[in-house]
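User: I would like to learn how to read a few features of a protein model. Please take them one at a time.

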Amino acid sequence: MSDLSTHLARLEGHLARFRDKGILNLIGGIDAAGSGGTFQTRSPVDESLIAEVALGTAADVDRAAKAAKAAFPAWAALSGEKRKAILHRIADLIEARAEEIALCECWDTGQAWRFMSKAALRGAENFRYFADLAPGARDGKSLPTQTHLNVTSRHPIGPVGVITPWNTPFMLSTWKIAPALAAGCTVVHKPAEFSPLTARLLAEICHEAGLPAGVLNLVNGMGEGAGKALTEHPDIKAIAFVGESRTGSMIMKQGADTLKRVHFELGGKNPVMVFEDADMERALDAAIFMIYSLNGERCTSSSRLLVQESIAEAFEARLAERAERICVGHPLDPATEVGPLIHKTHFDKVMGYVGIGKTDGATLAAGGERVGSDGWFVRPTLFTKANAGMRIAQEEVFGPFLTSIRFKDEDEALRIANDVAYGLTGYVWTNDLARALRVSERLEAGMIWVNSENVRHLPTPFGGVKASGIGRDGSDWSFEFYMETKNTAFALGSHKIQRLGA
Ligand code: NAD
(Lines give C-alpha, C1' and ligand atoms only; values in the text may rest on other atoms or scores of the structure.)
Protein backbone atom coordinates (compact mmCIF):
# COMPACT_ATOMS: atom_id res chain seq x y z
CA MET A 1 0.00 0.00 0.00
CA SER A 2 1.24 3.45 -0.79
CA ASP A 3 -0.35 6.40 0.99
CA LEU A 4 0.84 9.43 2.91
CA SER A 5 1.05 7.77 6.32
CA THR A 6 2.91 4.71 4.98
CA HIS A 7 5.30 6.99 3.11
CA LEU A 8 5.95 9.08 6.21
CA ALA A 9 6.62 5.98 8.31
CA ARG A 10 9.03 4.58 5.76
CA LEU A 11 10.76 7.93 5.32
CA GLU A 12 11.31 8.09 9.08
CA GLY A 13 13.19 4.79 8.90
CA HIS A 14 15.47 6.12 6.18
CA LEU A 15 16.17 9.46 7.84
CA ALA A 16 17.08 8.18 11.30
CA ARG A 17 20.74 7.56 10.50
CA PHE A 18 21.13 11.03 8.96
CA ARG A 19 19.64 12.61 12.08
CA ASP A 20 22.24 10.77 14.17
CA LYS A 21 25.33 11.14 12.03
CA GLY A 22 24.47 13.97 9.66
CA ILE A 23 25.19 13.91 5.94
CA LEU A 24 28.92 13.42 5.52
CA ASN A 25 31.20 14.01 2.58
CA LEU A 26 32.81 10.98 0.94
CA ILE A 27 36.41 11.52 -0.10
CA GLY A 28 38.71 8.76 -1.33
CA GLY A 29 36.08 6.22 -0.29
CA ILE A 30 36.04 7.43 3.32
CA ASP A 31 33.33 9.36 5.18
CA ALA A 32 34.55 12.82 6.09
CA ALA A 33 33.23 15.74 8.11
CA GLY A 34 33.39 19.16 6.45
CA SER A 35 36.27 21.32 7.57
CA GLY A 36 33.87 24.28 7.65
CA GLY A 37 31.60 22.60 10.23
CA THR A 38 28.01 21.90 9.15
CA PHE A 39 24.97 23.53 7.60
CA GLN A 40 21.36 22.44 7.86
CA THR A 41 18.99 21.02 5.32
CA ARG A 42 15.32 21.53 6.11
CA SER A 43 12.20 20.17 4.47
CA PRO A 44 10.21 22.68 2.41
CA VAL A 45 7.05 20.92 3.67
CA ASP A 46 7.27 22.32 7.20
CA GLU A 47 10.77 23.74 7.66
CA SER A 48 11.67 20.86 9.99
CA LEU A 49 15.34 19.92 10.26
CA ILE A 50 16.29 16.92 8.12
CA ALA A 51 19.98 16.75 8.98
CA GLU A 52 23.19 18.61 9.61
CA VAL A 53 25.31 18.51 6.46
CA ALA A 54 29.12 18.57 6.16
CA LEU A 55 30.16 22.07 5.11
CA GLY A 56 32.97 21.49 2.65
CA THR A 57 35.60 24.17 2.08
CA ALA A 58 38.46 24.66 -0.38
CA ALA A 59 40.56 22.34 1.79
CA ASP A 60 38.02 19.51 1.42
CA VAL A 61 37.77 20.13 -2.32
CA ASP A 62 41.55 19.94 -2.52
CA ARG A 63 41.58 16.55 -0.77
CA ALA A 64 38.77 15.30 -3.02
CA ALA A 65 40.51 16.52 -6.18
CA LYS A 66 43.72 14.80 -5.09
CA ALA A 67 41.81 11.59 -4.40
CA ALA A 68 40.20 11.82 -7.85
CA LYS A 69 43.61 12.44 -9.42
CA ALA A 70 45.15 9.46 -7.62
CA ALA A 71 42.30 7.16 -8.67
CA PHE A 72 42.29 8.35 -12.28
CA PRO A 73 45.06 6.24 -13.92
CA ALA A 74 43.68 2.90 -12.73
CA TRP A 75 40.05 3.78 -13.50
CA ALA A 76 40.95 5.11 -16.95
CA ALA A 77 42.97 1.97 -17.68
CA LEU A 78 40.19 -0.41 -16.62
CA SER A 79 38.59 -2.11 -19.62
CA GLY A 80 35.31 -0.68 -20.87
CA GLU A 81 33.69 -4.06 -20.15
CA LYS A 82 34.68 -3.85 -16.48
CA ARG A 83 33.43 -0.27 -16.18
CA LYS A 84 30.23 -1.39 -17.85
CA ALA A 85 29.73 -4.15 -15.25
CA ILE A 86 30.22 -1.75 -12.32
CA LEU A 87 27.84 0.82 -13.82
CA HIS A 88 25.17 -1.86 -14.27
CA ARG A 89 25.63 -2.88 -10.63
CA ILE A 90 25.08 0.76 -9.64
CA ALA A 91 21.84 0.73 -11.68
CA ASP A 92 20.74 -2.49 -9.94
CA LEU A 93 21.26 -0.92 -6.52
CA ILE A 94 19.45 2.28 -7.52
CA GLU A 95 16.48 0.16 -8.57
CA ALA A 96 16.63 -1.79 -5.32
CA ARG A 97 16.61 1.47 -3.32
CA ALA A 98 14.33 3.46 -5.63
CA GLU A 99 11.65 3.91 -2.99
CA GLU A 100 14.14 5.22 -0.42
CA ILE A 101 15.63 7.61 -2.99
CA ALA A 102 12.21 8.89 -4.03
CA LEU A 103 11.01 9.38 -0.44
CA CYS A 104 14.17 11.29 0.50
CA GLU A 105 14.01 13.38 -2.67
CA CYS A 106 10.38 14.37 -2.05
CA TRP A 107 11.08 15.35 1.53
CA ASP A 108 14.27 17.28 0.73
CA THR A 109 12.98 19.10 -2.39
CA GLY A 110 9.19 19.23 -2.10
CA GLN A 111 8.72 17.38 -5.38
CA ALA A 112 5.60 15.22 -5.61
CA TRP A 113 5.88 11.47 -5.15
CA ARG A 114 4.04 10.73 -8.40
CA PHE A 115 7.00 12.18 -10.35
CA MET A 116 9.92 11.31 -8.06
CA SER A 117 9.31 7.58 -7.99
CA LYS A 118 9.90 7.62 -11.76
CA ALA A 119 12.86 10.01 -11.50
CA ALA A 120 14.74 7.55 -9.27
CA LEU A 121 14.25 4.81 -11.85
CA ARG A 122 15.31 7.18 -14.60
CA GLY A 123 18.58 7.56 -12.64
CA ALA A 124 19.12 3.81 -12.98
CA GLU A 125 18.31 4.03 -16.69
CA ASN A 126 20.97 6.73 -17.10
CA PHE A 127 23.56 4.41 -15.59
CA ARG A 128 22.48 1.46 -17.74
CA TYR A 129 22.48 3.54 -20.88
CA PHE A 130 26.04 4.81 -20.38
CA ALA A 131 27.21 1.43 -19.02
CA ASP A 132 26.40 -0.10 -22.39
CA LEU A 133 28.31 2.66 -24.20
CA ALA A 134 31.44 2.34 -22.00
CA PRO A 135 33.17 -0.40 -24.07
CA GLY A 136 32.99 1.77 -27.20
CA ALA A 137 33.83 5.11 -25.56
CA ARG A 138 37.44 5.10 -26.78
CA ASP A 139 36.54 4.21 -30.37
CA GLY A 140 37.77 6.55 -33.08
CA LYS A 141 37.93 6.87 -36.82
CA SER A 142 40.30 5.77 -39.51
CA LEU A 143 40.97 8.67 -41.91
CA PRO A 144 43.47 7.46 -44.50
CA THR A 145 45.16 9.54 -47.24
CA GLN A 146 47.43 8.39 -50.06
CA THR A 147 50.47 8.83 -47.85
CA HIS A 148 49.28 8.46 -44.23
CA LEU A 149 46.95 6.41 -42.16
CA ASN A 150 45.30 8.75 -39.67
CA VAL A 151 43.74 7.06 -36.68
CA THR A 152 41.77 8.86 -33.99
CA SER A 153 41.19 7.59 -30.47
CA ARG A 154 39.55 9.05 -27.41
CA HIS A 155 40.96 9.30 -23.90
CA PRO A 156 39.24 10.38 -20.69
CA ILE A 157 40.15 13.99 -19.91
CA GLY A 158 41.02 13.36 -16.23
CA PRO A 159 39.31 14.16 -12.92
CA VAL A 160 36.21 16.29 -13.50
CA GLY A 161 33.95 18.39 -11.31
CA VAL A 162 30.17 17.91 -11.43
CA ILE A 163 28.05 20.70 -9.91
CA THR A 164 24.31 20.08 -9.71
CA PRO A 165 21.18 22.11 -8.82
CA TRP A 166 18.36 21.33 -6.41
CA ASN A 167 15.65 20.48 -8.92
CA THR A 168 15.34 16.69 -9.40
CA PRO A 169 18.87 16.43 -7.99
CA PHE A 170 19.17 12.64 -8.04
CA MET A 171 18.22 12.19 -11.68
CA LEU A 172 20.36 15.13 -12.80
CA SER A 173 23.39 13.90 -10.84
CA THR A 174 23.18 10.48 -12.52
CA TRP A 175 22.80 12.16 -15.91
CA LYS A 176 26.14 13.93 -15.44
CA ILE A 177 28.08 11.37 -13.40
CA ALA A 178 27.23 8.18 -15.34
CA PRO A 179 28.79 9.33 -18.66
CA ALA A 180 31.86 10.69 -16.84
CA LEU A 181 32.46 7.32 -15.20
CA ALA A 182 31.69 5.42 -18.41
CA ALA A 183 34.28 7.56 -20.23
CA GLY A 184 36.92 6.70 -17.61
CA CYS A 185 36.97 10.00 -15.76
CA THR A 186 37.00 10.31 -11.99
CA VAL A 187 34.60 12.77 -10.37
CA VAL A 188 34.25 15.28 -7.56
CA HIS A 189 30.54 16.00 -7.07
CA LYS A 190 29.30 19.19 -5.39
CA PRO A 191 25.52 18.90 -5.01
CA ALA A 192 23.18 21.83 -4.34
CA GLU A 193 23.11 23.00 -0.74
CA PHE A 194 19.27 22.98 -0.68
CA SER A 195 19.00 19.25 -1.48
CA PRO A 196 22.03 17.20 -0.36
CA LEU A 197 20.23 14.01 0.70
CA THR A 198 20.09 11.87 -2.44
CA ALA A 199 23.60 12.81 -3.63
CA ARG A 200 24.83 11.08 -0.48
CA LEU A 201 22.69 8.01 -1.32
CA LEU A 202 24.15 7.95 -4.83
CA ALA A 203 27.74 8.09 -3.56
CA GLU A 204 27.02 5.25 -1.10
CA ILE A 205 25.38 3.14 -3.80
CA CYS A 206 28.33 3.64 -6.16
CA HIS A 207 30.78 2.41 -3.54
CA GLU A 208 28.57 -0.50 -2.55
CA ALA A 209 28.47 -1.48 -6.22
CA GLY A 210 32.26 -1.74 -6.30
CA LEU A 211 33.33 1.64 -7.64
CA PRO A 212 36.95 1.96 -6.46
CA ALA A 213 37.75 4.52 -3.76
CA GLY A 214 38.44 7.99 -5.13
CA VAL A 215 36.58 7.46 -8.42
CA LEU A 216 33.52 9.36 -7.16
CA ASN A 217 34.03 11.88 -4.36
CA LEU A 218 31.29 13.88 -2.69
CA VAL A 219 31.88 17.34 -1.22
CA ASN A 220 28.86 19.20 0.13
CA GLY A 221 28.92 22.92 0.67
CA MET A 222 28.00 26.32 -0.66
CA GLY A 223 28.40 27.47 -4.23
CA GLU A 224 30.71 30.33 -3.36
CA GLY A 225 32.80 28.01 -1.12
CA ALA A 226 33.19 24.40 -2.22
CA GLY A 227 31.66 25.05 -5.65
CA LYS A 228 34.01 27.91 -6.49
CA ALA A 229 37.06 26.00 -5.19
CA LEU A 230 36.18 23.07 -7.42
CA THR A 231 35.98 25.25 -10.52
CA GLU A 232 39.40 26.76 -9.70
CA HIS A 233 41.25 23.57 -8.80
CA PRO A 234 44.18 22.84 -11.13
CA ASP A 235 43.75 19.05 -10.95
CA ILE A 236 40.15 19.27 -12.15
CA LYS A 237 40.17 19.27 -15.94
CA ALA A 238 36.54 20.05 -16.72
CA ILE A 239 33.35 21.23 -15.04
CA ALA A 240 29.96 19.78 -15.91
CA PHE A 241 27.48 22.26 -14.47
CA VAL A 242 23.69 22.35 -14.28
CA GLY A 243 22.15 25.48 -12.80
CA GLU A 244 21.36 29.12 -13.42
CA SER A 245 22.76 31.02 -16.38
CA ARG A 246 24.22 33.65 -14.03
CA THR A 247 26.13 30.95 -12.12
CA GLY A 248 27.39 29.48 -15.41
CA SER A 249 28.88 32.82 -16.28
CA MET A 250 30.59 33.01 -12.86
CA ILE A 251 31.98 29.51 -13.30
CA MET A 252 33.40 30.42 -16.68
CA LYS A 253 35.30 33.31 -15.10
CA GLN A 254 36.44 31.23 -12.12
CA GLY A 255 37.72 28.47 -14.40
CA ALA A 256 39.59 30.80 -16.76
CA ASP A 257 42.97 30.70 -15.01
CA THR A 258 43.10 26.90 -15.15
CA LEU A 259 41.58 26.78 -18.68
CA LYS A 260 38.68 24.62 -17.61
CA ARG A 261 36.60 22.89 -20.23
CA VAL A 262 32.96 23.61 -19.37
CA HIS A 263 29.65 22.01 -20.14
CA PHE A 264 26.66 24.10 -19.13
CA GLU A 265 22.99 23.20 -18.81
CA LEU A 266 21.39 26.47 -17.74
CA GLY A 267 18.06 28.26 -17.48
CA GLY A 268 15.12 28.44 -19.85
CA LYS A 269 12.03 30.47 -20.72
CA ASN A 270 10.60 27.93 -23.07
CA PRO A 271 7.65 28.66 -25.36
CA VAL A 272 4.74 26.33 -26.00
CA MET A 273 3.24 27.64 -29.26
CA VAL A 274 -0.37 26.71 -29.90
CA PHE A 275 -1.71 27.43 -33.41
CA GLU A 276 -5.43 27.52 -34.25
CA ASP A 277 -5.21 24.25 -36.21
CA ALA A 278 -3.76 22.27 -33.28
CA ASP A 279 -5.41 19.39 -31.43
CA MET A 280 -6.71 21.53 -28.54
CA GLU A 281 -7.24 18.75 -26.01
CA ARG A 282 -3.74 17.35 -26.37
CA ALA A 283 -2.16 20.81 -26.50
CA LEU A 284 -3.99 21.76 -23.31
CA ASP A 285 -2.90 18.61 -21.46
CA ALA A 286 0.70 19.05 -22.57
CA ALA A 287 0.88 22.77 -21.76
CA ILE A 288 -0.49 22.13 -18.27
CA PHE A 289 1.82 19.18 -17.68
CA MET A 290 4.92 21.01 -18.87
CA ILE A 291 4.51 23.97 -16.53
CA TYR A 292 2.88 22.56 -13.42
CA SER A 293 4.52 19.13 -13.11
CA LEU A 294 7.65 19.04 -10.92
CA ASN A 295 6.32 22.25 -9.30
CA GLY A 296 7.39 24.08 -12.45
CA GLU A 297 10.93 23.74 -11.11
CA ARG A 298 12.26 22.22 -14.31
CA CYS A 299 14.57 23.75 -16.86
CA THR A 300 12.50 22.43 -19.77
CA SER A 301 9.17 23.75 -18.43
CA SER A 302 6.96 25.51 -20.97
CA SER A 303 6.75 28.71 -19.00
CA ARG A 304 5.50 30.88 -21.87
CA LEU A 305 2.25 29.98 -23.62
CA LEU A 306 2.09 31.57 -27.07
CA VAL A 307 -1.47 31.13 -28.26
CA GLN A 308 -3.09 32.27 -31.51
CA GLU A 309 -5.62 35.07 -31.04
CA SER A 310 -8.52 33.21 -32.67
CA ILE A 311 -8.48 30.47 -30.00
CA ALA A 312 -6.87 32.34 -27.09
CA GLU A 313 -9.98 33.21 -25.10
CA ALA A 314 -11.29 29.65 -24.96
CA PHE A 315 -7.88 28.06 -24.47
CA GLU A 316 -6.90 30.34 -21.61
CA ALA A 317 -10.27 29.92 -19.89
CA ARG A 318 -9.91 26.14 -19.88
CA LEU A 319 -6.33 26.42 -18.73
CA ALA A 320 -7.29 28.64 -15.79
CA GLU A 321 -10.03 26.24 -14.79
CA ARG A 322 -7.65 23.25 -14.85
CA ALA A 323 -4.89 25.16 -13.02
CA GLU A 324 -7.32 25.96 -10.19
CA ARG A 325 -8.17 22.26 -9.88
CA ILE A 326 -4.56 21.04 -9.60
CA CYS A 327 -4.04 19.24 -6.32
CA VAL A 328 -1.49 21.13 -4.19
CA GLY A 329 -0.40 19.16 -1.17
CA HIS A 330 2.07 17.09 0.77
CA PRO A 331 4.71 15.77 -1.63
CA LEU A 332 4.48 12.26 -0.18
CA ASP A 333 0.73 12.04 -0.77
CA PRO A 334 0.27 10.06 -4.02
CA ALA A 335 -2.69 12.34 -4.92
CA THR A 336 -0.53 15.48 -4.86
CA GLU A 337 0.26 17.10 -8.20
CA VAL A 338 2.17 20.15 -6.95
CA GLY A 339 4.22 20.21 -3.73
CA PRO A 340 5.98 23.06 -1.91
CA LEU A 341 8.75 25.09 -3.52
CA ILE A 342 12.27 24.19 -2.46
CA HIS A 343 13.01 27.01 -0.02
CA LYS A 344 11.79 30.32 1.38
CA THR A 345 14.16 32.30 -0.86
CA HIS A 346 12.73 30.59 -3.93
CA PHE A 347 9.15 30.99 -2.65
CA ASP A 348 9.82 34.73 -2.20
CA LYS A 349 11.21 34.93 -5.73
CA VAL A 350 8.17 33.23 -7.27
CA MET A 351 5.72 35.33 -5.23
CA GLY A 352 7.73 38.40 -6.21
CA TYR A 353 6.94 37.64 -9.86
CA VAL A 354 3.22 37.55 -9.01
CA GLY A 355 3.59 41.16 -7.85
CA ILE A 356 5.64 42.06 -10.93
CA GLY A 357 3.06 40.52 -13.29
CA LYS A 358 0.24 42.54 -11.68
CA THR A 359 2.23 45.78 -11.67
CA ASP A 360 3.20 45.32 -15.31
CA GLY A 361 -0.47 45.00 -16.25
CA ALA A 362 -0.95 41.31 -17.04
CA THR A 363 -4.15 39.60 -15.86
CA LEU A 364 -3.90 37.12 -13.00
CA ALA A 365 -6.24 34.36 -14.24
CA ALA A 366 -5.39 31.66 -11.69
CA GLY A 367 -3.46 31.14 -8.47
CA GLY A 368 -0.90 33.72 -7.42
CA GLU A 369 -1.26 32.99 -3.73
CA ARG A 370 0.28 30.94 -0.97
CA VAL A 371 -1.46 27.73 0.10
CA GLY A 372 -1.57 27.22 3.88
CA SER A 373 0.76 28.90 6.33
CA ASP A 374 3.38 26.18 6.81
CA GLY A 375 5.84 25.29 4.07
CA TRP A 376 6.35 26.96 0.73
CA PHE A 377 3.22 25.97 -1.19
CA VAL A 378 2.06 28.17 -4.08
CA ARG A 379 -1.16 27.72 -6.02
CA PRO A 380 -0.54 27.05 -9.74
CA THR A 381 -0.45 30.48 -11.31
CA LEU A 382 -1.52 31.74 -14.73
CA PHE A 383 -1.08 35.24 -16.09
CA THR A 384 -2.90 36.06 -19.33
CA LYS A 385 -2.87 39.09 -21.65
CA ALA A 386 0.84 39.55 -21.06
CA ASN A 387 3.02 41.13 -23.68
CA ALA A 388 6.40 39.84 -24.79
CA GLY A 389 8.40 42.61 -23.17
CA MET A 390 7.11 42.09 -19.63
CA ARG A 391 9.48 40.63 -17.06
CA ILE A 392 7.14 37.66 -16.52
CA ALA A 393 7.55 36.96 -20.25
CA GLN A 394 11.33 37.35 -20.27
CA GLU A 395 12.75 36.04 -16.98
CA GLU A 396 12.93 32.50 -15.63
CA VAL A 397 10.54 32.20 -12.67
CA PHE A 398 11.15 28.47 -12.13
CA GLY A 399 7.88 27.76 -10.36
CA PRO A 400 4.29 26.71 -11.17
CA PHE A 401 3.87 29.98 -13.04
CA LEU A 402 2.68 30.33 -16.64
CA THR A 403 2.62 33.50 -18.72
CA SER A 404 0.24 33.54 -21.69
CA ILE A 405 0.90 35.83 -24.65
CA ARG A 406 -1.33 36.06 -27.71
CA PHE A 407 -0.12 36.20 -31.31
CA LYS A 408 -1.73 36.94 -34.69
CA ASP A 409 0.24 34.81 -37.11
CA GLU A 410 3.25 32.56 -37.52
CA ASP A 411 5.76 35.38 -37.99
CA GLU A 412 4.66 37.14 -34.86
CA ALA A 413 4.69 33.86 -32.92
CA LEU A 414 8.28 33.23 -33.95
CA ARG A 415 9.33 36.77 -33.19
CA ILE A 416 7.97 36.49 -29.65
CA ALA A 417 9.31 32.96 -29.17
CA ASN A 418 12.86 33.97 -30.09
CA ASP A 419 12.82 37.33 -28.32
CA VAL A 420 14.30 36.08 -25.02
CA ALA A 421 17.82 35.50 -23.74
CA TYR A 422 17.23 31.75 -23.43
CA GLY A 423 16.92 28.90 -25.94
CA LEU A 424 16.55 25.54 -24.24
CA THR A 425 13.34 23.91 -25.54
CA GLY A 426 10.33 24.79 -27.66
CA TYR A 427 6.97 23.02 -28.02
CA VAL A 428 4.98 23.50 -31.23
CA TRP A 429 1.33 22.53 -31.57
CA THR A 430 -0.06 22.49 -35.12
CA ASN A 431 -1.56 19.96 -37.50
CA ASP A 432 -0.11 21.76 -40.52
CA LEU A 433 3.01 19.81 -41.44
CA ALA A 434 4.60 22.59 -43.48
CA ARG A 435 4.10 25.02 -40.60
CA ALA A 436 5.63 22.57 -38.14
CA LEU A 437 8.69 22.32 -40.37
CA ARG A 438 8.98 26.07 -40.86
CA VAL A 439 8.54 26.92 -37.20
CA SER A 440 10.87 24.25 -35.85
CA GLU A 441 13.51 25.36 -38.36
CA ARG A 442 13.37 28.99 -37.20
CA LEU A 443 12.85 28.44 -33.48
CA GLU A 444 15.99 29.24 -31.47
CA ALA A 445 16.20 26.25 -29.13
CA GLY A 446 18.38 23.20 -28.60
CA MET A 447 15.41 20.83 -28.32
CA ILE A 448 12.02 21.06 -29.98
CA TRP A 449 8.99 18.84 -29.60
CA VAL A 450 6.20 19.01 -32.19
CA ASN A 451 2.76 18.01 -30.91
CA SER A 452 4.32 16.59 -27.78
CA GLU A 453 5.36 17.39 -24.26
CA ASN A 454 8.99 16.70 -23.27
CA VAL A 455 9.49 12.98 -23.90
CA ARG A 456 13.15 12.08 -23.52
CA HIS A 457 14.90 9.49 -25.64
CA LEU A 458 18.31 9.05 -24.04
CA PRO A 459 20.39 8.77 -27.26
CA THR A 460 19.19 12.20 -28.44
CA PRO A 461 21.23 15.34 -27.72
CA PHE A 462 20.16 17.36 -24.66
CA GLY A 463 21.15 21.00 -24.24
CA GLY A 464 20.36 24.58 -25.10
CA VAL A 465 21.44 27.55 -27.18
CA LYS A 466 21.95 31.23 -26.20
CA ALA A 467 21.89 31.70 -22.39
CA SER A 468 20.54 28.16 -21.92
CA GLY A 469 23.80 26.35 -22.22
CA ILE A 470 26.97 25.23 -23.88
CA GLY A 471 27.39 21.68 -25.13
CA ARG A 472 25.14 18.65 -25.45
CA ASP A 473 24.58 15.58 -23.31
CA GLY A 474 23.54 12.12 -24.38
CA SER A 475 25.24 9.37 -26.34
CA ASP A 476 28.55 10.37 -27.95
CA TRP A 477 27.92 14.06 -27.19
CA SER A 478 28.64 13.32 -23.53
CA PHE A 479 31.86 11.49 -24.41
CA GLU A 480 32.98 14.41 -26.58
CA PHE A 481 32.96 16.48 -23.40
CA TYR A 482 34.50 14.01 -20.97
CA MET A 483 37.18 12.79 -23.40
CA GLU A 484 40.05 14.16 -25.48
CA THR A 485 40.33 13.12 -29.11
CA LYS A 486 43.80 12.22 -30.32
CA ASN A 487 44.88 11.81 -33.94
CA THR A 488 47.91 9.70 -34.82
CA ALA A 489 49.22 9.79 -38.40
CA PHE A 490 51.22 6.75 -39.55
CA ALA A 491 53.29 7.48 -42.68
CA LEU A 492 53.15 4.73 -45.26
CA GLY A 493 56.81 5.47 -46.08
CA SER A 494 56.39 6.85 -49.57
CA HIS A 495 55.71 10.58 -49.22
CA LYS A 496 58.25 13.21 -50.09
CA ILE A 497 59.89 14.94 -47.12
CA GLN A 498 61.26 18.42 -47.88
CA ARG A 499 65.04 18.48 -47.48
CA LEU A 500 66.14 21.81 -45.99
CA GLY A 501 69.92 22.48 -45.87
CA ALA A 502 70.62 19.35 -47.84
P1 NAD B 1 22.31 27.62 -9.06
O2 NAD B 1 23.05 28.09 -10.26
O3 NAD B 1 21.97 28.61 -8.00
O4 NAD B 1 23.12 26.47 -8.31
C5 NAD B 1 23.51 25.30 -8.98
C6 NAD B 1 24.76 24.74 -8.30
O7 NAD B 1 25.83 25.65 -8.49
C8 NAD B 1 24.63 24.53 -6.80
O9 NAD B 1 25.27 23.34 -6.45
C10 NAD B 1 25.37 25.74 -6.23
O11 NAD B 1 25.90 25.52 -4.96
C12 NAD B 1 26.47 25.90 -7.26
N13 NAD B 1 27.08 27.23 -7.31
C14 NAD B 1 26.52 28.42 -7.04
N15 NAD B 1 27.43 29.42 -7.20
C16 NAD B 1 28.58 28.83 -7.61
C17 NAD B 1 29.86 29.33 -7.94
N18 NAD B 1 30.15 30.63 -7.89
N19 NAD B 1 30.81 28.44 -8.33
C20 NAD B 1 30.53 27.13 -8.40
N21 NAD B 1 29.33 26.59 -8.08
C22 NAD B 1 28.36 27.44 -7.68
O23 NAD B 1 21.02 26.90 -9.63
P24 NAD B 1 19.79 26.30 -8.81
O25 NAD B 1 18.98 27.43 -8.30
O26 NAD B 1 20.31 25.27 -7.86
O27 NAD B 1 19.01 25.51 -9.96
C28 NAD B 1 18.02 26.07 -10.75
C29 NAD B 1 18.57 26.48 -12.10
O30 NAD B 1 19.11 25.35 -12.79
C31 NAD B 1 17.51 27.03 -13.05
O32 NAD B 1 18.00 28.17 -13.70
C33 NAD B 1 17.28 25.90 -14.03
O34 NAD B 1 16.76 26.29 -15.28
C35 NAD B 1 18.65 25.33 -14.13
N36 NAD B 1 18.61 23.97 -14.66
C37 NAD B 1 18.98 23.73 -15.96
C38 NAD B 1 18.91 22.45 -16.50
C39 NAD B 1 19.27 22.18 -17.93
O40 NAD B 1 19.43 21.03 -18.30
N41 NAD B 1 19.43 23.20 -18.78
C42 NAD B 1 18.46 21.40 -15.70
C43 NAD B 1 18.08 21.67 -14.39
C44 NAD B 1 18.17 22.95 -13.88
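Predicted model: local features only at pLDDT ≥ 70, side-chain atom pairs only at ≥ 80, totals over all residues.

User: Which domains does the assignment of the chain give?

Analyst: Domain bounds come from an automatic or database domain assignment. Here that assignment gives domain 1 (3-142 + 149-266 + 468-486) and domain 2 (271-450). Their C-alpha centres lie 30 Å apart. Contact means heavy atoms within 4.5 Å; 29 residues of domain 1 are in contact with 31 residues of domain 2.

User: How many residues does the largest nonpolar core have?

Analyst: A nonpolar core is a set of buried Ala, Val, Leu, Ile, Met, Phe, Trp, Tyr and Cys residues joined through side-chain atoms within 4.5 Å. Buried means under 20% relative accessible area, exposed over 50%, and partly exposed in between, with a 1.4 Å probe and protein chains only. The largest core has 109 residues, and F127, V274 and Y292 have the most contacts inside it. At least three residues of this core come from each of domain 1 and domain 2. A second, separate core has 29 residues, including A362, I392, F407 and V428.

User: What is F127 in contact with, leaving aside its neighbours within four places in sequence?

Analyst: The contacts of F127 beyond those neighbours are L87, I90, A91, I94, T174, I177, A178, L181, L202 and C206.

User: At what angle do the axes of α3 and α5 cross?

Analyst: Helices (H or I, at least four residues) and strands (E, at least two) are DSSP runs, numbered from the N terminus. Axes are lines fitted to C-alpha atoms, for helices over the stretch in contact, and angles run from 0 to 180 degrees between N-to-C directions. The axes of α3 (residues 80-96) and α5 (residues 113-133) come within 8 Å and cross at roughly 170 degrees. Angles under 35 degrees count as roughly parallel, over 145 as roughly antiparallel, 65 to 115 as roughly perpendicular and the rest as oblique. The two helices are therefore roughly antiparallel. Their contact includes L87, I90 and I94 of α3 and L121, F127 and F130 of α5. The residues of this contact divide into 10 nonpolar, two polar and five charged. Ala, Val, Leu, Ile, Met, Phe, Trp, Tyr, Cys and Pro count as nonpolar, Asp, Glu, Lys and Arg as charged, and the others, Gly among them, as polar.

User: Is P135 buried, partly exposed or exposed?

Analyst: P135 counts as partly exposed, because its relative accessibility is 33%. P135 sits in the loop between α5 and β5 (142-144). Not counting residues up to four places away in sequence, P135 touches G80, E81 and K84.

User: Where is T231 found?

Analyst: T231 is in helix α8 (residues 223-232). T231 is buried, with a relative accessible area of 0%.

User: What is phi of L259 and of F398?

Analyst: Most residues other than glycine have a negative phi. L259 has a positive phi near 50 degrees, and F398 has a positive phi of about 65 degrees. L259 lies in the loop between α9 (245-254) and β11 (261-265) and is exposed at 75% relative accessibility. F398 lies in the loop between α13 (391-394) and β16 (401-407) and is buried at 14%.

Definitions and conventions:
Residues numbered from 1 in each chain as written. Heavy atoms only, no water.
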